[in-house]
Amino acid sequence: MTQSAHPPHTGHHPGHDAHRRHGHHHSAHAAHTHDPATADAMAEGMAEVLDLDAAASGGFVDELAERIADLIAAPRSVVDLGSGTGGLTARLAARFPSAQVTALDNAPDMLDRVRDAARAAGVGDRVRTQVADLDTALPGDLADLDVVWSSSAMHHFAAPADLLGNVHAAVRPGGLLIVVELDGLPAFLPPDTPDGQLERRLHTIMTERGANAHPDWSPVIVGAGFDLLETHAITNAPAPPDLTSRYAHAWISRMAHGLAEELSDTDRSRLDDLLAPAGPSSLGTREDLTVRTRRTAWIARRPEHNQEKP
């Protein structure tokens, strides 16, 4: 999972949602509902956000891949923990043509999308998918791995320290662990404007709910037996205007829906203007949008020589 931020829903408690999806993201969480049609629509919207985040912000994969290649020139095996819709999985496979990439997620519908993304990127023959409940254990058939990757997913697992201990056992000596988390929520509107202030109010509510909250993973990674090599702060490069507009609309519309009961009438009215298909304020027509995201990446290595975990 993921590769992305996690849009809100009423009553969300990160890390304890029985309907949690692991993913890049990021996977996002739809509101609890007993209406199958509503649930399907919300899941589709969630997947759209994950796909758009990967397309607009996923360039950080290439940046980190350069560092991975410095340490392991031609990895043979890469595992993506919590792959979500697979946008980043496909990027990893494209960047490392020597690697067989395994995408793990607990949601079969997400893994369907991973396979679609891999085929679209021309790497379908090297991407394998596997349903896995990573709150329980790493699949037992994974061993002697070169690289284990987790983007915007680690903070959703129930016992990340135990999971990373299992990862340590599955990674070969000298193999790498890469953990990436989103620091703050995606922003799109000009910050020094009333619309930017509205966006910050939405972010404040989501932050108070614990959206995308994660710790510094350094001590957990070291505690699992890895040598922490470095951390990186990553900001995204500019995205094309059409992609920026679509991502902004998908993300802000989900915030507006999930937080509607906590907003003033004025804010709800302004959000209606922003989300309208046309008009001077419409996200679909304005030219002052940018995608602004910040991420932290931890790069760690299993020691070459066998040693007891600290």
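User: Which residue in strand 3 does aspartate 105 stand opposite?
Analyst: Aspartate 105 stands opposite valine 131 in strand 3. Strands here are DSSP runs of E with at least two residues, helices are runs of H or I with at least four, and both are numbered from the N terminus.

User: What kind of model is this, and what limits apply?
Analyst: It is a predicted model, in which local features need pLDDT of at least 70 and side-chain atom pairs count only at pLDDT 80 or more, while totals for chains, interfaces and linings use all residues. Residues are numbered from 1 along each chain as its sequence is written, and side-chain values use heavy atoms, leaving out hydrogens and water.

User: In what sense do strand 2 and strand 3 pair?
Analyst: They pair in the parallel sense, over five bridges. Two strands count as paired if DSSP finds at least two bridges between them.

User: In what order do the seven strands form the sheet?
Analyst: The order is 3-2-1-4-5-7-6, in an open sheet with mixed pairing. Strand 3 and strand 6 are at the edges with a single partner strand each, so one side of each has no neighbour in the sheet. From one strand to the next, the twist averages 20°; angles run from 0 to 180 degrees between N-to-C directions, with axes fitted as lines to C-alpha atoms, for helices over the stretch in contact.

User: Which strands does helix 2 lie across?
Analyst: Helix 2 lies across strand 4, strand 5, strand 6 and strand 7, and runs at about 155° to strand 6. Helix 5 (residues 160–170) also packs on the sheet, where it touches strand 1, strand 4 and strand 5. The direction of helix 5 makes about 145° with that of strand 5. Contact means heavy atoms within 4.5 Å.

User: How many helices and strands does the chain come to?
Analyst: There are nine helices and seven strands. Of the 310 residues in the chain, 55% are buried. Buried means under 20% relative accessible area, exposed means over 50%, and partly exposed lies in between (1.4 Å probe, protein chains only).

User: What is leucine 64 in contact with, leaving aside its neighbours within four places in sequence?
Analyst: Leucine 64 is in contact with Trp149, Ile178, Val180, His232, Ile234, Ala297 and Ile299.

User: New topic: how many salt bridges does a search of the whole structure find?
Analyst: The search finds 21. A salt bridge is a side-chain nitrogen of Lys or Arg within 4 Å of a carboxyl oxygen of Asp or Glu. One of them joins glutamate 230 and arginine 67, with the closest N and O atoms 2.9 Å apart. Glutamate 230 is in strand 6 (residues 227–235) and arginine 67 in helix 2, so this pair ties together parts 163 residues apart in sequence. Arginine 67 is partly exposed, at 25% relative accessibility.

User: What does aspartate 144 form a salt bridge with?
Analyst: Its partner is arginine 76, the closest N and O atoms being 3.9 Å apart. Aspartate 144 lies in the loop between strand 3 (127–131) and strand 4, and arginine 76 in the loop between helix 2 and strand 1 (77–81), so the pair ties together parts 68 residues apart in sequence. Both residues are partly exposed, aspartate 144 at 46% relative accessibility and arginine 76 at 48%.

User: Which residues are linked in a network of salt bridges?
Analyst: Asp195, Arg270, Asp273, Arg286 and Asp288 are linked in this way.

User: What is the phi of aspartate 144?
Analyst: Phi is near 55° there, a positive value in a residue other than glycine. Serine 152 likewise has a positive phi, of about 55°, although it is not a glycine.

User: Is serine 152 buried or exposed?
Analyst: Serine 152 counts as buried, at 0% relative accessibility. This serine is found in the loop between strand 4 and helix 5.
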